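Please open the model in a viewer that can select residues by number.

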Amino acid sequence: MPSRLDQNFIHLGLGARAVSQPTFTGMDWYQGYGARTANDGAEGRLVSMWTFSGSWDSWEMHPDGDEVVLCTAGQMTLHQQFADGTTSSVTITAGEYAINPAGCWHTADIEGEASAVFITCGQGTEGRPR
């Protein structure tokens, strides 16, 4: 039975497992996800898909692993702040991807509407206002 990635994310876990997750219900969903997947530690990956109609209002950082951002529609500019204090911005369009290294704070500006698939090491994720 098919599922929609923008509603039912996938957890890639130890032993090459792919586990469909319950329907996303809001930010509190992440607490349950953390509990369901804690045994996979930093090796687990959350695969999700999001559509944005505006720039992000926050920064986030994943301390325990890299994050792949694959643009599937539209255009997005990722802004990165690295641990050594350097910064970078990269614009990606449909079919292009960028990598947010572990420990790199990142946010995005969106022109119009854009969609992206995220492959994230979610353990220990932190956020801050933009």
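Begin by selecting L70, Y97 and I99. In this predicted model, these three residues make up a nonpolar patch on the surface. Together they present about 290 Å² of accessible area.

Is L70 buried, exposed or partly exposed? Its relative accessibility is 32%, and L70 therefore counts as partly exposed, since that class lies between under 20% for buried and over 50% for exposed.

Next, select residues 97-100, which form strand β8. Which residues lie on the covered face of strand β8, and which on the uncovered one? A98 and N100 are on the covered face, whereas Y97 and I99 are on the uncovered face. Y97 and I99 are also members of the nonpolar patch with L70.

Show β5 and β8 together. The two strands pair in the antiparallel sense, and the pairing runs over four bridges. To see how they are placed against each other, select E67 and N100: E67 stands opposite N100 in β8.

Remain on strand β5 and select A73, which also lies in this strand. A73 has a relative accessibility of 33% and so counts as partly exposed. Which residues does A73 touch, once its neighbours within four places in sequence are left aside? A73 is in contact with A94, E113, A114 and S115.

**The whole chain**

How many helices and strands does it have? There are one helix and eleven strands. Followed from the N terminus, the order of elements is β-β-α-β-β-β-β-β-β-β-β-β.

Turn the model to view its extent. The C-alpha trace spans about 35 × 35 × 25 Å along the principal axes. The radius of gyration is 14 Å, which agrees with the value near 14 Å that a compact globule of 130 residues would have.

Of the 130 residues, 34% count as buried. The protein exposes about 7100 Å², and carbon and sulfur atoms supply 53% of this area. As to contacts, those between residues at least 6 apart in sequence may be considered; 66% of them join residues at least 24 apart.

**The salt bridges**

Now show the charged side chains. A search of the whole structure finds three salt bridges.

Select R4 and D6. These residues form a salt bridge in which the closest N and O atoms are 2.8 Å apart. R4 has a relative accessible area of 49% and is partly exposed. D6, at 34% relative accessibility, also counts as partly exposed.

Move to R17 and D40, whose closest N and O atoms are 2.9 Å apart in a salt bridge. Where in the chain do R17 and D40 lie? R17 lies in strand β2 (residues 17-20), and D40 is in the loop between α1 (29-37) and β3 (45-52), so this pair ties together parts that are 23 residues apart in sequence. R17 is partly exposed at 39% relative accessibility. D40, by contrast, is buried, because its relative accessible area of 8% falls under the 20% limit.

Then select D109 and R130. This salt bridge has its closest N and O atoms 2.8 Å apart. The pair links distant parts of the chain, with D109 in strand β9 (residues 105-110) and R130 in the segment after β11 (126-129), 21 residues apart. D109 is partly exposed at 27% relative accessibility, and R130 is partly exposed with a relative accessible area of 41%.

**A final stop**

Select A16, in the loop between β1 (10-13) and β2. A16 is exposed, because its relative accessible area is 79%, over the limit of 50%.

Terms used: Residues are numbered from 1 along each chain as its sequence is written. This is a predicted model: local features need pLDDT of at least 70, side-chain atom pairs count only at pLDDT 80 or more; totals for chains, interfaces and linings use all residues. Side-chain values use heavy atoms; hydrogens and water are left out. Patches are made of residues with over 30% relative accessible area and no salt bridge: like charges are joined within 9 Å, nonpolar side chains (Val, Leu, Ile, Met, Phe, Trp, Tyr) within 5 Å. Accessible areas come from the Shrake-Rupley method with a 1.4 Å probe; for residues, only the protein chains shown count as cover. A salt bridge is a side-chain nitrogen of Lys or Arg within 4 Å of a carboxyl oxygen of Asp or Glu. Buried means under 20% relative accessible area, exposed over 50%, partly exposed in between (1.4 Å probe, protein chains only). Two strands pair if DSSP finds at least two bridges between them. The radius of gyration is taken over C-alpha atoms; the globule rule is 2.2 Å times the number of residues to the power 0.38. Contact means heavy atoms within 4.5 Å.
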